[in-house]
Amino acid sequence: MTDTSDALVVGVDFGTLSGRAVVVRVRDGAELGSGVHDYRHGVLDTELPGGGAALPPDWALQVPSDYLDVLRTAVPAALADAGADPRQVVGLGTDFTACTMVPTTADGTPLCDLPGFTGEPHAYVKLWKHHAAQPQADRINELARRRGEEWLARYGGLISCEWEFAKALQLLEEAPELYAATERWVEAADWIVWRLTGNYVRNTCSAGYKGIRQEGGYPSPEFLEQLHPDFAGFVAEKLDQPVGALGERAGGLTAEAAAWTGLPAGIAVAVGNVDAHVTAPAAGAVEPGRLVAIMGTSTCHVLSSDVLREVPGMCGVVDGGIVPGLWGYEAGQSGVGDIFAWYVENQVPERYHRLADERGVSVHEVLSELAAGQRVGEHGLLALDWHSGNRSVLVDHELSGLIVGQTLSTRAEDGYRALLEATAFGTRMIVEAFAAAGVPVTEVIVAGGLVRNPLLMRIYSDVLNLPLSVVGSAQGPALGAALHAAVAAGAHPDIRAAAAAMASVERAVHRPDPGNAAAYDVLFAQYAALHDAFGRGGDGVMHTLRAIRRAAVEARER
């Protein structure tokens, strides 16, 4: 093993809007410095860069050069912040949003970087929250059910429109010439490692959860051909690559990447990983029953177990998908922080904004303070947190948000609290689905930017009637990436040992109030009824409204 007395590792977390790097000491997980870089192009959801082509509803794209800028700026900034000698750094680890897909040539060049393709929307990165492939996902699910495909049960009975196959099928059907030019269909988590090392290795996490890879294989050519005749060769021609286990060494840092980052050439670069899953070891969640909720623009829930069960509506279960030797389960909510931001930006009167400015705080803080004084149920509202669709347990991105109970006396803080509560109810639906399937949750550990809202944390603890532990790092995914870098560099023998030395978690920071928990039981029963009426009912009003909207937008643009 590598001498860890003064060895350092770097973890880089590629999020939805920015990338964050952290310098971590191998022997004890101390975070010595950090750096952040905001993506210059952000999320493309209305038009291509420079006033380019308009994008239809439900699209979400990114520009891959923004990711490289993170390596050029955030990593050197983190080293400078730490006052670290780069020669002490023995490994680099990364994590990414998922499923975020990059169409490339055989050498990894993104199609949007090629002459002639800069004006083509399908040439760009399809971000995780690109939900325009729902029709393709519906057909994948219908065909899988009809054929009795065994892998479907591993995904709770439904494949998401956010994942690799649905997005690839959309590319084929809407832009066949670009599909033909796509020689590699690459998870961004693997693309960034490819750029760092020169080696294209698929990570077992993305391949299993987002790429329908089970028992060493993917959906068959016969299955794919029934979706589209030209889709039969998708796996063999564009997707399949060697798969690396989490914590393995993908390769050494190239001279080019060393120049970008200021790190020594040749140091170990870990196999890629997903932002949520990489956080679990950083929270010490390497044993069964510990659910980690990474709460940001969306929430991803990851849970390891020693039993394999079919859990309806889950995003997947993968052998070794989080920790080697355990079954890793994933669930999620497509919108959480995004919903709160939308509400503040679009539904809150100007006087609240003025009050926030006068006090030098955010509108979120003003609304949280006002809402915190309410008793459970006092606002008389109930909301469905589906503004970005429902990832778990319904796996339906054609669903939409809803608030019931509004009157002429409803105030902005009432609606805000109802939305906070709705996301907590959504998490409870997931926890109860796990329990009902025989995969019990014994502890909930939260991470991400939303842990800084004490009202939100109190609501979650009361709704779940469980204590909430908190990841001790403000950069949980980046710390997790650094932990995996330490394993890849040989500084720790495996992920469990690295977690024992480097993880950071504060136990039971938020505890439920028995009276509030009982009151929320009553409200949750109503939420569950509303959830089933609109999510499982037969009228399909939300789907119809989405279809009407799409038709109206298309008519206006013609």
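Predicted model: local features only at pLDDT ≥ 70, side-chain atom pairs only at ≥ 80, totals over all residues.
Student: Which residue does a cis peptide bond join to V393?
Tutor: Look at the omega angle, which is about 15° here. The cis peptide bond joins V393 and S392.

Student: What is omega for the cis peptide bond that joins A98 and C99?
Tutor: Start with the location. C99 sits in the loop between β5 (89–96) and β6 (101–104). For the cis bond joining A98 and C99, omega is about 10°.

Student: What is the phi of I212?
Tutor: I212 lies in the loop between α6 (204–209) and α7 (221–227). The residue is not a glycine, yet its phi is positive. The value is about 55°.

Student: Are α14 and α15 oblique or roughly perpendicular to each other?
Tutor: Helix α14 spans residues 412–436 and helix α15 spans residues 454–464. They pack at an angle of about 40°, with axes 9 Å apart. Roughly perpendicular needs 65 to 115 degrees. The pair is therefore oblique.

Student: Is the crossing of α14 and α15 left-handed or right-handed?
Tutor: The contact includes L420, F425 and V431 of α14. From α15 it includes L456, I459 and Y460. As α14 passes α15, the crossing is right-handed.

Student: At what angle do the axes of α10 and α16 cross?
Tutor: D275, V278, T279, P281 and A282 in α10 meet residues of α16, including G476, P477 and L479. The axes of α10 (residues 275–282) and α16 (residues 476–488) come within 7 Å. They cross at roughly 75°. That makes α10 roughly perpendicular to α16, at an angle of roughly 75°.

Student: How much accessible area do V541, L545 and I548 have together?
Tutor: L545 belongs to helix α19, residues 541–557. V541, L545 and I548 form a nonpolar patch on the surface. Together their accessible area is about 260 Å².

Note on methods. Residues numbered from 1 in each chain as written. Heavy atoms only, no water. Patch = residues over 30% accessible without salt bridge, like charges linked within 9 Å, V, L, I, M, F, W, Y side chains within 5 Å. Areas by Shrake-Rupley, 256 points an atom, 1.4 Å probe, with all protein chains shown as cover. Salt bridge = Lys/Arg side-chain N within 4 Å of Asp/Glu carboxyl O. Helix = DSSP H or I, 4+ residues; strand = E, 2+ residues; numbered from the N terminus. Axes fitted to C-alpha atoms, helices over the stretch in contact; angles between N-to-C directions. Parallel < 35°, antiparallel > 145°, perpendicular 65-115°, else oblique. Left-handed = near helix turned anticlockwise from the far one by under 90°. Contact = heavy atoms within 4.5 Å.
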